[in-house]
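Here is a short briefing on one predicted model. The points below are grouped by topic.

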Amino acid sequence: MNRFEYVRPTSIAEAVAAAGEPGSAYLGAGTNLLDLMKGGVTQPSRLVDLTHLPDLGQIEQLPDGSTRIGALVKNAALAHDPAFAEAFPAVAEALLSGASAQLRNAATVGGNLMQRTRCAYFTDPASACNKRAPGSGCDAIGGENRAHAVLGWSDHCIAVHPSDFCVALTALGAIVEIEGPAGRREVAMTDFYLLPGDTPEKETVLDAGEMIVAVRLPAEAAAFAGNQRYLKGRERTSYAFALASAAAALKIENGLIVEARLALGGVATKPWRVQAAEAVLAGAAPGKEAFEKAAEVAFAEAKPSGDNAYKIALGKRVLARALMMAAAGTPERMPALPASPFAPLPEGVVNV
Amino acid sequence: MNLSLTLTINGEQREIVLDDPRVTLLDLLRERLHLTGAKKGCDRGQCGACTILVDGQRINSCLALAISYDGSAITTIEGLAENGALHPVQQAFIDHDGFQCGFCTPGQIMSAVGLIAEAQADGDAERIREAMSGNICRCGAYQGITEAVLDAQAKISTGKERDAA
């Protein structure tokens, strides 16, 4: 790990000022950042420690009915907050399907959004990687790339976004609150991440010195609480990143789907909202036929970036199954294996 | 550059001065305070051998900058036994053969203590296995570990009920 200057601001304004210095990085828990620094993947010259800032650790209900999650709320604390888990069960399920209990106890909400891809070529400084060293090339293209993206990739980068939490947030229309040198602004989750294009090193809309202060779920997102799930295909049933995952939320009235909210994980270069597939479901009767059709639409633009064509078939089945599980109703208690395909299926859900 | 911090470690308040901000909690405990119970397995948050409790919550001490935890209360495996009597989780690991070589054991035990405090797993072995997935045992003593956690959890909750009565 390189040497760095350690700065501990006492206010957001101080933090933003300290992080304006080139080479600075914000420190949350550091569960991803320190790992990358140990591997020489990132070498910040200054760490601005946000963990002692006041007022960023609350989960609040705002007067307009929206839910505001402070950037320093721990992943585990959010998932186990009874009111939050009841209103946004797929978000809680996604959180609990990620990392390990130790990491979830430390990792923050803001840090989860800012975590980097686990592409093995990105994390190996000896490999060519346009994200880590712009212009150096991409060893993942033509390399070991069965875990890489089938949606949103470019000739410069095929790395997937690793988060589960962000997939559920994206489905439910979350908004990111940002503070920076130019003041406060808000960006929808769907606009927060950038496609790699020919600048894969630029991953988010954040400008130099800008930090996430909170993530907000709008009031209308809570209307999907009764029918929402997160499902995650992976190589182990616990403590592994997604190969293909899906967050599915449905509003069902009189036996018909009124509205659907869908997003994909593990298959794309950013958390991937699929509004065209949501539109297919509006007005449809919940069931295998509608769900398989939605899955086809969700992956209509998908194409392999290497040895990963299987992800298109897997992703469709994961999405269709997540929809079947959502339609069966949010379980009363979090399953023993959150988001796992190995958890017992709810009654009426058939293998798709 | 000198960086000072205050930590309460196993009940004792310590004033610590660091000459380098890169020191992790794990390296602080092992190399500077000579509390070598927490182990350095992978040093990258993947194996769980370095698990300790910070303010009662289990975390990977290898991915925690010590300076950032200024003001925290830390419990390590050295702080579990009271007056020479083993903690119920320690005793349960012995009773159920929850280890072979023992390298991962301090991390397993600290993780189990944290898990029981989280009170999410009740008596369900599947929930215990899921909640212990951040602790790798290369000897493969998982069966004994699961039994030990179930047993310790039952004994701790019985003890609590008795205390409350």
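Two strands count as paired if DSSP finds at least two bridges between them. Strand β3 (residues 51–54) and strand β4 (residues 57–60) of chain B meet that rule: they pair in the antiparallel sense over four bridges.

**Strands around β3(B)**
- Within β4(B), B:Ile59 is the bridge partner of B:Ile52.
- Two residues lie between the strands in the hairpin of β3(B) and β4(B), and B:Asp55 takes a positive phi near 50° there.
- β3(B) is also joined by two bridges to strand β5 (residues 73–75) of chain B, and this pair runs antiparallel.
- Within β5(B), B:Thr75 is the bridge partner of B:Leu53.

**Side chains of β3(B)**
- In a regular strand the side chains alternate between the two faces of the sheet.
- From β3(B), B:Thr51 and B:Leu53 point one way, and B:Ile52 and B:Val54 point the other way.
- All four of these residues are buried.

**Nonpolar surface patch**
- B:Leu86, B:Ile94 and B:Phe99 make a nonpolar surface patch of about 250 Å².
- B:Phe99 sits in the loop between α2 (88–95) and α3 (105–118) of chain B.
- B:Phe99 has a relative accessible area of 31%, so this residue is partly exposed.
- Patch residues need over 30% relative accessible area.

**Interface of chain A and chain B**
- The two chains bury about 3,000 Å² between them, with 48% of it on carbon and sulfur atoms.
- Chain A gives 35 residues to the contact and chain B gives 37 residues.
- Five salt bridges are found across the interface.
- B:Asp43 forms a salt bridge with A:Lys38, with the closest N and O atoms 2.9 Å apart.

Notes
Residues numbered from 1 in each chain as written. Chains lettered and ligands numbered in written order. Predicted model: local features only at pLDDT ≥ 70, side-chain atom pairs only at ≥ 80, totals over all residues. Heavy atoms only, no water. Buried < 20%, exposed > 50% of the residue type's maximum accessible area, 1.4 Å probe, protein only. Patch = residues over 30% accessible without salt bridge, like charges linked within 9 Å, V, L, I, M, F, W, Y side chains within 5 Å. Areas by Shrake-Rupley, 256 points an atom, 1.4 Å probe, with all protein chains shown as cover. Salt bridge = Lys/Arg side-chain N within 4 Å of Asp/Glu carboxyl O. Contact = heavy atoms within 4.5 Å. Buried area = accessible area lost by both parts, 1.4 Å probe.
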